[in-house]
Every structure is written in C-alpha cells, then in structure tokens.
Amino acid sequence: MIFNGKIYEKRNGKSMLTLIIIGVIGWAAIVFLDKEKEETARHAETNSKSYGEIIYIDLEKGSFMLSHGVRVDGNATLFHHPETPNLFTWFSEGEIRFHHLQDEVKLTVWMTQRNGQPKYYVKNMSVNGEDYTYPQGRFSSYCKRLEQLKKSGRIKGELGTHVTRSLVSLMAFNAIIKEYANFDDLLRAKSSHQRELLLKYDAYIAQAVDKISKEQKASKDEREQESRKKSEQKHENRNEERKDDSKKQSSSGYTGSNYDIYLKVLEFDSVHNVTFDEIKKRYRALARKYHPDSPTGDERRFKLVRESYEHLEANFPR
C-alpha cells in the first residue's frame with residue numbers, strides 16, 4: 001500500500017507540474033498578444049500625423065495595419081477626413097506592398113504625362129515573387145488575375161480584396177490629381193474644398209468599380225462567345241470528318257447502312273470493304289445454289305438473292 005501510495009503521489013505531482021507549465025505558457029501568450037496590440041497601436045499613432053482635419057500616415061516611414069491582418073507599406077500616403085467615411089490613398093511613383101501571413105503582393109506604380117496631365121498606372125504586379133504585367137491602363141486585368149489567385153488559394157484571406165481596392169483607388173486617383181498637383185496642396189486647401197474633393201474621390205472609386213465590373217463582364221461574354229465558336233467549329237469539323245470517312249468507305253467498297261441488308265442477303269459475314277467483283281462472284285454462287293432446278297433450290301431465297309444483286313448492280317459505287 002505504501003508503495004502504491006508513493007506511485008500515486010508521483011503521478012499527481014507530475015499532473016500538477018503539467019498544469020502549472022500550461023498556465024505559464026497561456027499567461028505568456030496573453031501578455032505577448034496584449035503587448036503586440038499595444039505596439040501596433042503605438043506604431044500607428046507614432047507614424048500618423050494631422051494637418052487641419054486630415055489625418056494621414058506616410059507609408060514610406062512606417063507600415064499600416066488594414067483590416068483582416070493585412071499590412072501595407074511603400075511609396076504612398078493614406079489619409080482620412082472626419083466628414084468622409086473612407087480611407088483614401090495619395091499615390092506616388094514606386095512600390096506599394098501588401099503583406100498577409102506568408103503572402104506578399106507588390107504593385108509597381110509609375111507616372112506618365114497624357115495631354116499635359118499626370119497619369120498613374122501599374123507597371124507590374126508581383127505575387128509571392130511571380131510577376132504579372134499587362135498593357136498600360138489595363139487595371140481590370142490585374143483585378144481579374146487577383147480574383148483567379150484568390151479562388152485557386154494562392155493568396156489567402158482578404159489580401160486580394162485590399163489590393164483590388166488599391167487598384168480601383170489608383171484609377172480614381174487619376175481624376176483627383178487634376179485639381180491638386182501634390183498632397184501638400186491638398187493639406188493646405190480649405191476644409192470645405194478637402195471634403196468636396198474627397199467626396200468626388202469616393203464617387204470616382206464607385207465609377208471605377210462599375211467600369212471594372214463591366215470590363216470583366218464583357219471579357220467573360222467574349223470568352224463565352226469564343227468558347228461557343230470553338231465548340232461549333234469543332235462540331236463542324238467532326239461532321240466534315242464523318243463525311244470524309246463516308247467517302248473513304250464508299251470508295252473502298254463499304255457502302256453504309258443503305259446496302260447492308262442487300263449484302264447480308266448475299267450472305268456476306270462482314271459488310272465492310274466489300275468490292276463489286278466479290279458481290280458478283282457471291283451472286284453467281286448463290287444463284288446456282290438456290291435455283292429452283294438445283295437439289296438445294298429455294299425459289300423464295302433465289303428471288304431475294306436476285307433482287308439484292310440487281311439493286312447493288314444498279315447503285316453500288318464503282
């Protein structure tokens with residue numbers, strides 16, 4: 001009993017030690033997460049600035065945590081006006097990088113002049129090291145690629161959604177910079193002008209979303225139409241092949257289902273690749289066999305053989 005009691009006590013001691021270790025690890029994890037939240041909040045507060053009513057963060061000086069754990073940094077400025085509901089982006093030439101877990105998407109933005117006005121475009125998109133480049137102004141192609149990567153699981157979570165939002169914002173941004181050449185000009189503008197401009201920015205974003213949706217629908221309709229054309233062409237090709245096969249079979253002696261019955265009456269085991277010379281020989285042999293004056297004669301059978309041969313003689317292609 002004493003021996004058993006010692007064993008019990010040891011086991012009980014091990015259980016207590018395990019519980020203590022688990023508790024310590026859990027407490028440490030909670031402390032770590034709290035510190036991480038505090039650090040993230042402090043980091044965002046440290047890097048954000050305000051000018052008048054506009055609050056902004058320069059992504060070159062620090063990253064910013066978007067929703068769903070997506071972090072963004074690069075050559076751009078995020079800003080907000082208290083009288084508008086959205087977070088806006090002021091773009092510059094360079095890279096904008098989006099991070100989520102192990103995934104990274106980079107947009108290379110560049111500026112060119114059109115009709116004396118600056119225009120910003122995506123020069124290249126890199127997804128986990130794989131580059132995608134489309135013609136200038138083809139924002140919808142980048143959005144479409146992101147949607148495909150999201151559906152295939154090559155990028156996870158809301159990363160693709162945030163990058164698509166940035167692409168749409170860039171489209172709308174080209175309309176905004178017609179009124180203010182740089183971000184400092186916007187900061188120095190009157191609050192009423194800032195609010196009016198940002199409401200326009202939001203409306204331009206809605207228009208850009210609508211434009212991309214229409215382009216993607218048109219692209220989908222075009223693909224479906226192309227698919228139908230290919231299917232119809234494939235069907236036509238098959239019909240042509242069947243016609244060619246039929247011609248080949250006729251020229252080689254096989255005449256198809258119209259002659260099968262007559263050939264069977266002439267007792268051919270196979271109706272394929274039968275020549276007219278073979279039909280003629282077979283008819284003569286059967287005519288002697290089934291002639292009414294022959295010991296093996298069969299008048300009914302003889303008539304069927306003769307009628308079949310006469311039909312084939314008149315219609316069989318030679």
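Predicted model: local features only at pLDDT ≥ 70, side-chain atom pairs only at ≥ 80, totals over all residues.

Visitor: What makes Asn115 buried or exposed?

Guide: Asn115 has a relative accessible area of 79%, so Asn115 is exposed. Asn115 belongs to the loop between β6 (103–114) and β7 (117–127). Here too phi is positive, near 55°, in a residue other than glycine.

Visitor: What counts as a helix or a strand?

Guide: Both are DSSP runs, numbered from the N terminus: helices are H or I with at least four residues, and strands are E with at least two. The protein comes to eight helices and eight strands. Of its 318 residues, 31% count as buried.

Visitor: How do you know how α7 and α8 are oriented to each other?

Guide: Two packed helices are described by the angle between their axes and the distance between the axes. Axes are lines fitted to C-alpha atoms, for helices over the stretch in contact, and angles run from 0 to 180 degrees between N-to-C directions. Helix α7 (residues 276–290) and helix α8 (residues 299–315) pack at about 160°, with axes 9 Å apart. Angles under 35 degrees count as roughly parallel, over 145 as roughly antiparallel, 65 to 115 as roughly perpendicular and the rest as oblique. α7 and α8 are therefore roughly antiparallel.

Visitor: Which residues in α7 and α8 meet?

Guide: A contact means heavy atoms within 4.5 Å. Among those that meet are Phe276, Ile279 and Tyr283 in α7, and Phe302, Val305 and Glu313 in α8. The residues of this contact divide into ten nonpolar, no polar and five charged. For these classes, Ala, Val, Leu, Ile, Met, Phe, Trp, Tyr, Cys and Pro count as nonpolar, Asp, Glu, Lys and Arg as charged, and the others, Gly among them, as polar.

Visitor: What makes Phe276 buried or exposed?

Guide: Phe276 has 11% relative accessibility, so Phe276 counts as buried. Phe276 and Glu313 are 37 residues apart in sequence, and their C-alpha atoms are 7.9 Å apart in space.

Visitor: And how is Glu267 classed?

Guide: Glu267 has a relative accessible area of 27%, so Glu267 is partly exposed. Glu267 lies in the loop between α6 (257–265) and α7. Leaving aside neighbours within four places in sequence, Glu267 is in contact with residues including Arg282, Leu286 and Arg301.

Visitor: How do you know how α2 lies relative to α3?

Guide: The axes of helix α2 (residues 139–151) and helix α3 (residues 159–176) come within 10 Å and cross at roughly 175°. That makes α2 roughly antiparallel to α3. Their contact has eight nonpolar, three polar and one charged residues.

Visitor: Why is the pair of Phe79 and Phe183 called tilted?

Guide: Rings of Phe, Tyr and Trp (its six-membered ring) pair if their centres lie within 6.5 Å; planes under 30 degrees apart count as stacked, over 60 as edge-to-face and the rest as tilted. Phe79 and Phe183 are 5.3 Å centre to centre with 55° between the planes, a tilted pair. Phe79 lies in strand β4 (residues 71–80) and Phe183 in helix α4 (residues 183–188), so the pair ties together parts 104 residues apart in sequence. The structure holds twelve aromatic pairs.

Key: Residues numbered from 1 in each chain as written. Heavy atoms only, no water. Buried < 20%, exposed > 50% of the residue type's maximum accessible area, 1.4 Å probe, protein only.
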